[in-house]
Amino acid sequence: MGLINLYLIPGIVLGSIYALGAVGLSLIYGVLRFGHFAHGDVMTFGAYATLSAVTLFGLSPLAALPIAMLATALLAILIDRLFYRPFRDHPTIIVVIASFGVALMLRSLVEIFWGADDRTYETGIRRPVAFFDTFMIAPRHIAIIVAAVVLVTVLHFFLTRTRLGKAMRAVSDQPSLARVCGIDLDTVSLWTWVFGAGLAAAAGLFLAIDTQLNPNMGWNLLLPLFAAAILGGIGKPYGAIAGGLVIGLAEELSSFPLFSDRPLVPPDYKTGVAFAIMVAMLLWRPQGLFRGRSFE
Amino acid sequence: MNALVGYGEYAVSLLTIGGIYAVMALGLNLQWGYGGLFNAGVSGFFAVGAYASAILTAPVTPGHFVGFGLPIIVGIVSAMLLSAVVGWFVGRICLRLQSDYLAMATIGIAEILRLVIDNEIWLTNGSRGIVAIPRPFEDLPGIWRDFAYLGLVAAVVAALYIALELLARSPWGRVMRAIRDNEAAAAAFGKDVASFRLQAFVLGSMAMGLSGALTAHAFKFIGPDATLPLITTFLVWVMLIAGGSANNRGAILGPILIWTLWSATELLTGTLPPEWQIRGSYLRVFLIGLLLQVVLQRFPRGLLPERPPRPPQAERVDAKEG
C-alpha cells in the first residue's frame, strides 16, 4: 500500500502537472516551430496570478484558475507580439535565444511584484482522506487529478471537434499543406498561445497547490517538461500527455526502495531521471514513442 | 586620495571580473559564433572548471576534508582538461541534435551538475562552498596583489584572443564558418561536420572551465550560487551577442561593457532605501533580459559585427597572356 500511497499517487499528480505543461510546449513547437524555453516561467506566472486572484477576490485557488488562465494567455499573446513574432522569418535559434531572455524577464517580474520568498495559497495541514482504511489520498491530489482530466478533455474536444483545433493539428503536421489550404497562421498561432499558456497556468497552479509558490518553480520544471514532450514525440499533444505521466511516474517511482531499504535513486536526483530519459530518447528513439518530428 | 584608491580598486576588480567573463565569452564565441552551436549550459562547464581547480588547490580545512593543496597552475590546467573531457562527452551525445535540442540537453547537463554540487557534500562541501582557495600573488602588498591578478587575467585573455584569431583565420576557421552557414555544402565538400563541431565544442568548453578556475582563485571561494544559470549562462550570452558574435574583439568588448553596466546598476540600486533594494536587484535582472531583446531586434550583429577574413587572392590570370 505504501507503494500506491507514497509513490504512485504522487507520481500521477506530478505526471498530470507535467502533462499540462508539456502539451503547451508540444503545441507551440508544432505550430510555431521553436522550443519555448520560457514555458516554465509562464507556469510560474500563472501560479502567482492565481495567488493575486485568491487574495484580491477571496476565491479558492481552483475557482481563481480561470482568471489566472486568462491573464496568462493574455501575457503570452503580448510576449509573442513583442518578442517572438519579430523573428518569424529569422533562423529558429534567434527566437529560442529571445525566449531565454523572456524566461529571465518573467522570473524577475514575479520577484519584483510578489517577492522571492516561498508562498502558499492557504496555511494549515489537512489530513488525507482514507478509503478502505489503507488507501489514502490527499484532497488536493484528488482536486489536481480531476481538474487535469477536465482540462485535457476540453483540449481533446477542441482539437478534434472545432475547426480551429483541426487547423492547429494540420499546421503542426504539415505546415506548407495547411497554408495552401487557406489556414490563417496568425489565428492558429494566437490560439496556440491561448491554450499553451492557459494550460501552463493550470500546471503552475497545481504545482503550487502540491508544493508551494516559488519564483524558480517553473524554471526547475523545464527539464522534465521537455523530456515529456520529447518522449511523446514533439508536436504531438496526446504524446505529450502520455509523456508527462510517464516522466512524473518515473521520477516518483525512482525513489521507491525496491531492492533494499534504500531508494533506487536518491530523491535529490529525481530531476536526473527525467534528464536520463530525455537523453536516452534523443539517442535511440528521436522521433518519440509516438512518432513526432525528428530533431536531427 | 583615499577616494582615488577606492575608485582604482573598484576599476581593477571590474576589469578582472570583466576579463574572466571575456574568457568565457571567447569560449562561447568559438562554439556559437564560429560553430553555430547553441550551448545553454555554460554554467555547467564553468562549474566543472571552478570546482576542479578549487578542490585540487585548496588545503584540507577542518570540517571539509577534500583538498589536495596542489600548486595553482596544476589546478588551472586540470580544470581545463576536465572541462574538455566533459565537453567531449556532452558533444558526442548532443552535437548531432538540432539547435533547440542541443540547448535543452546542455541545460540539462548544467542542472544535473548543479544537483551534484548541492548534494555531494563530501566533494563540494554543498551549499557552504569551498573556502581558502589559494590565490596567486598573495604575498604582494595591498593593491598590487589585485593588479597582479588583473595582469594574469589580461594575459590569459590576450593569449586566448591571439590563439582564437589564428584559429579563425586558419583553414579550420573557414571550415567552421562554412559548416555554420551551410552544413550540407560543407559536408558535400568532404568535411567531417561532426568532428569539426566536436572540436569547436571541446575547445570552447576548455575556455569556460578556465574561466571557472580563474573565478575560484580570484574570490578564494566557490559556492553553488556562482553556478546559477543567471550569473553565468545568461549574462555571458547577453555579453557575446551584444559584443558581436563571431568577432573575438566583440567577445572581449561585450563582457567588459555589460559587466560595467551590471555593476554600475548595482551601485545605483545600492542607493535605494532598503525596502526597495531587493526589488531593485530583480529589476536589474529584468533589464538585462530586456537588453538582450533590444540587441536581438535592433542590433542583431552586435557592437562589433563579424568580419570574415578576406579569402586569399586567387592568382590573377591575365587575359592578354592567356
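In the predicted model, the largest nonpolar core holds 201 residues, and the members that touch the most others are Ala227(A), Val23(B) and Met24(B). Helix α1 (residues 2–32) of chain A is the greatest contributor to this core, giving 16 residues. Apart from neighbours within four places in sequence, the contacts of Ala227(A) are Ile247(A), Ala274(A), Phe275(A), Ile277(A) and Met278(A). In soluble globular proteins, nonpolar side chains tend to be buried together.

Chain A comprises eleven helices and two strands. Read from the N terminus, the order of its elements is α-α-α-α-β-β-α-α-α-α-α-α-α. The radius of gyration of chain A is 19 Å, which agrees with the value near 19 Å for a compact globule of 296 residues. Taken along the principal axes, the box filled by the C-alpha atoms of chain A is roughly 60 × 50 × 35 Å. Of the 296 residues in chain A, 52% are buried. Among contacts in chain A with a separation of 6 or more, 75% are between residues 24 or more positions apart.

One residue pair of chain A illustrates such a separation in sequence. Leu109(A) and Pro215(A) lie 106 residues apart in sequence, while their C-alpha atoms are 9.3 Å apart in space. Leu109(A) belongs to helix α4 of chain A. This residue counts as buried because Leu109(A) has 21 C-beta neighbours inside 10 Å, the cut-off for burial being 20 or more.

The mean pLDDT of chain A is 87, and 91% of its residues score at least 70. Among the elements of this chain, the highest mean pLDDT, 95, is that of helix α3 (residues 61–84) of chain A, and the lowest, 63, that of strand β1 (residues 129–131) of chain A. The pLDDT is below 50 over residues 292–296 of chain A, a stretch with 20 contacts in the model beyond near neighbours in sequence. Where pLDDT is low, the predicted coordinates should not be read in detail.

Chain B contains twelve helices and zero strands, in the order α-α-α-α-α-α-α-α-α-α-α-α from the N terminus. Its radius of gyration is 21 Å, close to the 20 Å given by the globule rule for 322 residues, so chain B is as compact as a globular protein of that length. The C-alpha trace of chain B spans about 80 × 45 × 40 Å along its principal axes. Buried residues account for 48% of the 322 residues in chain B. Of the contacts in chain B between residues at least 6 apart in sequence, 77% join residues at least 24 apart.

Between the two chains, 33 residues of chain B are in contact with 31 residues of chain A. On the chain B side, the elements that give two or more residues are α4 (99–119), α10 (230–243) and α12 (274–298) of chain B. This side of chain B is made up of 22 nonpolar, seven polar and four charged residues.

The buried residues are Thr232(B), Thr233(B), Phe234(B), Leu235(B), Val236(B), Trp237(B), Val238(B), Met239(B), Leu240(B), Ile241(B), Ala242(B) and Gly243(B). In chain A, the buried residues of α10(B) pack against α4 (92–114); in chain B, they pack against α1 (2–34), α2 (42–57), α11 (250–270) and α12. Gly244(B) follows α10(B) and has a positive phi, near 125°.

Most residues other than glycine have a negative phi. A positive phi in a residue other than glycine is found at Phe137(B), with a value near 65°, and at Lys220(B), with a value near 60°. Phe137(B) is located in the loop between α5 (121–124) and α6 (142–169) of chain B, whereas Lys220(B) is located in the loop between α9 (193–219) and α10 of chain B. Phe137(B) is partly exposed because 14 other C-beta atoms lie within 10 Å. Lys220(B) also counts as partly exposed, with 15 C-beta neighbours inside 10 Å.

How values were computed
Residues are numbered from 1 along each chain as its sequence is written. Chains are lettered from A and ligands numbered from 1 in the order in which they are written. Two residues are in contact if their C-beta atoms, placed from the backbone, lie within 7 Å. Helices (H or I, at least four residues) and strands (E, at least two) are DSSP runs, numbered from the N terminus. Ala, Val, Leu, Ile, Met, Phe, Trp, Tyr, Cys and Pro count as nonpolar, Asp, Glu, Lys and Arg as charged, and the others, Gly among them, as polar. A residue is buried if 20 or more other C-beta atoms lie within 10 Å of its own, exposed if 12 or fewer, and partly exposed in between; C-beta atoms are placed from the backbone. A nonpolar core is a set of buried Ala, Val, Leu, Ile, Met, Phe, Trp, Tyr and Cys residues joined through C-beta atoms within 7 Å. The radius of gyration is taken over C-alpha atoms; the globule rule is 2.2 Å times the number of residues to the power 0.38. pLDDT is the predictor's confidence in each residue, from 0 to 100.
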